[in-house]
Amino acid sequence: MKTYIIMVLLISSGTIGYAQHNHMQMDSTAHNQHRMQNNQSKNHASTDTGMQMMMSSQLSRDLPMSRNGSGTSWVPDETPVYGYMIHGKKWMSMVHGNVFARYTNQDIFNKSGRGGHEFDAPNWLMGMTQRKVGKNGLFSANAMISFDPFTVGLDGYPLLYQTGESYKGQKLVDRQHPHDLFAELNVSYAQRIAQNTDVYVSVGYPAEPALGPPVFMHRLSATNNPDAPLQHHYADATHITFGVATLGFRYKNVKIEGSTFKGREPDEERYGFDAPKFDSYSMRLSYNPSKSWALQVSHGWIKSPESLEPDHDVKLFTASALYAKKLSEDSHFSASLVYGQNTGDQHGTLPTAVLESNLQLHKTAVYGSYTYVRKNADELDLLSGFPNNPNFNINAVTLGANRIVAQVKNTDLRIGAQATLNVSPSALKPLYGSTPVGFEVYIRINPSLMKMMMGKHQHNVGVKM
């Protein structure tokens with residue numbers, strides 16, 4: 001973990017040094033980009049001039065970079081950007097990431113024997129780059145890695161009531177699985193075919209299909225929370241898929257896209273690459289009605305996602321609404337409402353919903369979430385005690401806060417804490433206790449907010465993935 005933190009700081013130092021070298025050149029083009037975004041429909045020439053020294057959306061030369069979500073998803077245009085930008089003559093690049101060095105205890109009052117505790121460090125690091133091709137083309141490439149297999153462990157980290165994937169032939173229950181060392185290697189090409197109109201293709205190994213909202217790690221409303229939401233496998237579990245091909249079409253602020261991908265989730269060998277297989281499908285419709293909102297609905301037909309249940313297929317439906325609002329030059333508010341449901345051939349329909357929010361002030365952030373999830377006895381690996389496989393309704397509320405205590409080379413060092421109240425269903429109280437409480441303290445290291453002066457106003461510059 002110490003090695004990783006040092007590496008992040010070194011990357012930050014080198015990247016920011018290069019970005020600062022180009023800062024004055026960026027300033028000279030910022031006003032053009034702002035004017036271009038407000039008058040986007042006038043002509044393509046002004047668009048290209050305004051974007052000359054800026055990154056655009058990875059899938060459109062006519063959309064702002066801040067709209068990029070994970071994979072090919074969208075977030076609101078007002079989403080702030082935390083990252084380091086690198087300016088080249090032809091290539092525009094961005095590096096960003098997140099690391100939590102923490103202690104977590106999932107049952108501080110020892111209501112049951114199911115809540116674990118440990119020191120660990122969930123993390124991820126991502127780089128992306130793009131260049132123009134001719135008058136209307138755009139080529140982009142992404143790479144994302146996570147050192148979770150080393151800093152968390154192959155069996156994941158403790159998280160009460162969490163389920164999904166397996167380790168050593170056993171279901172992971174009350175633990176969140178680690179992410180793969182290679183979490184994304186993806187290339188895409190977008191072509192502007194008319195005014196406000198693009199088509200694009202995206203291929204990755206691994207990558208994320210057009211299914212679900214932006215994954216929790218890249219939703220601003222959840223970025224301060226070290227834990228994955230309990231609904232992860234009901235909404236955005238396909239964000240690391242070994243074999244994805246996506247085709248999309250955009251007109252103005254509406255986008256429709258479809259993917260074919262491998263349905264099986266990553267195996268427990270987190271260091272390598274799983275064999276690709278295109279046996280599953282998804283479709284997603286996205287709409288950004290304003291700069292502050294991003295909406296989507298999607299449906300996926302997933303073939304054999306769990307290795308321990310190879311004959312079980314899943315239909316995944318999701319819908320989400322993401323909101324972001326800039327409050328001042330270094331303050332903002334964001335919120336997300338995400339609904340997801342798994343429908344299996346044997347387990348019926350299991351719905352879930354999460355409402356999460358984050359208020360970032362000058363130095364202090366306050367955040368929280370409410371999660372409702374329905375899980376059955378099989379998913380919780382409790383069939384021996386509940387042979388009829390009943391459903392259980394689980395509720396959890398999380399509140400947390402952190403504060404920036406230092407900034408080094410445009411990198412924030414935050415200290416924070418959070419607590420989670422889990423409300424157990426009656427049938428599970430003998431196992432979990434009625435209201436087990438989790439608590440954790442952490443140090444978070446992440447890039448600082450990217451800002452640029454545009455006249456008298458300050459606007460964000462960068463890419464949020």
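These legends accompany several close-up views of one predicted protein model.

In this predicted model, local features need pLDDT of at least 70 and side-chain atom pairs count only at pLDDT 80 or more, while totals for chains, interfaces and linings use all residues. Residues are numbered from 1 along each chain as its sequence is written, and side-chain values use heavy atoms, with hydrogens and water left out.

**Figure 1. The whole protein at a glance.**
Let's start with the overall picture. The protein has six helices and 24 strands; helices (H or I, at least four residues) and strands (E, at least two) are DSSP runs, numbered from the N terminus. Of its 465 residues, 58% count as buried. Here buried means under 20% relative accessible area, exposed means over 50%, and partly exposed lies in between (1.4 Å probe, protein chains only). The accessible surface comes to about 18500 Å², and 61% of that belongs to carbon and sulfur atoms. These areas come from the Shrake-Rupley method with a 1.4 Å probe, and for residues only the protein chains shown count as cover. Among contacts with a separation of 6 or more, 64% are made by residues 24 or more positions apart; a contact means heavy atoms within 4.5 Å.

A salt bridge is a side-chain nitrogen of Lys or Arg within 4 Å of a carboxyl oxygen of Asp or Glu, and a search of the whole structure finds 20 of them. Arg270 lies in the loop between strands S13 (254-261) and S14 (280-290), and Asp180 in the loop between strands S9 (170-176) and S10 (182-194), so the pair ties together parts that are 90 residues apart in sequence. Are these two residues buried or exposed? Arg270 counts as buried at 1% relative accessibility, and Asp180 is also buried, at 1%.

**Figure 2. Arg219 meets Asp236.**
The closest N and O atoms of this salt bridge are 3.2 Å apart. Arg219 sits in the loop between strand S11 (197-204) and helix H5 (232-235), while Asp236 sits in the loop between H5 and strand S12 (244-251), so the bridge ties together parts 17 residues apart in sequence. Arg219 is buried, with a relative accessible area of 0%, and Asp236 is buried at 3%.

**Figure 3. A salt bridge from strand to strand, Glu257 with Arg284.**
The two side chains meet at 2.9 Å, N to O. Glu257 belongs to strand S13 and Arg284 to strand S14, so the pair ties together parts that are 27 residues apart in sequence. Both ends are buried: Glu257 has a relative accessible area of 2%, and Arg284 has 2% as well.

Elsewhere, Arg67 lies over the face of Trp74, at 4.7 Å from the ring centre.

**Figure 6**
The model contains 14 aromatic pairs. Rings of Phe, Tyr and Trp (its six-membered ring) pair if their centres lie within 6.5 Å; planes under 30 degrees apart count as stacked, over 60 as edge-to-face and the rest as tilted. Tyr323 and Phe333 have ring centres 6.4 Å apart and planes at 55°, so this pair is tilted. Tyr323 is in strand S16 (residues 314-328) and Phe333 in strand S17 (residues 331-344), ten residues apart. Tyr323 is partly exposed at 24% relative accessibility, as is Phe333 at 29%. Phe386 and Phe392 form an edge-to-face pair, with 5.2 Å between centres and 75° between planes. Phe392 is buried, at 4%. Ring pairs also link Phe182, Tyr205, Phe242 and Phe273 into a cluster.

**Figure 4. Strands S20, S21 and S22 side by side.**
Strands S20 (residues 391-408) and S21 (residues 411-423) run antiparallel and are joined by 13 bridges; two strands pair if DSSP finds at least two bridges between them. Arg403 has Ile415 in S21 as its bridge partner. The hairpin of S20 and S21 has two residues between the strands, and Lys409 there takes a positive phi near 50°. S21 also pairs with strand S22 (residues 437-447), in the antiparallel sense, over eleven bridges. Here Leu421 stands opposite Val437 in S22.

Conventions:
A charge sits over a ring if NZ of Lys or CZ of Arg is within 6 Å of the ring centre and within 35 degrees of the ring normal.
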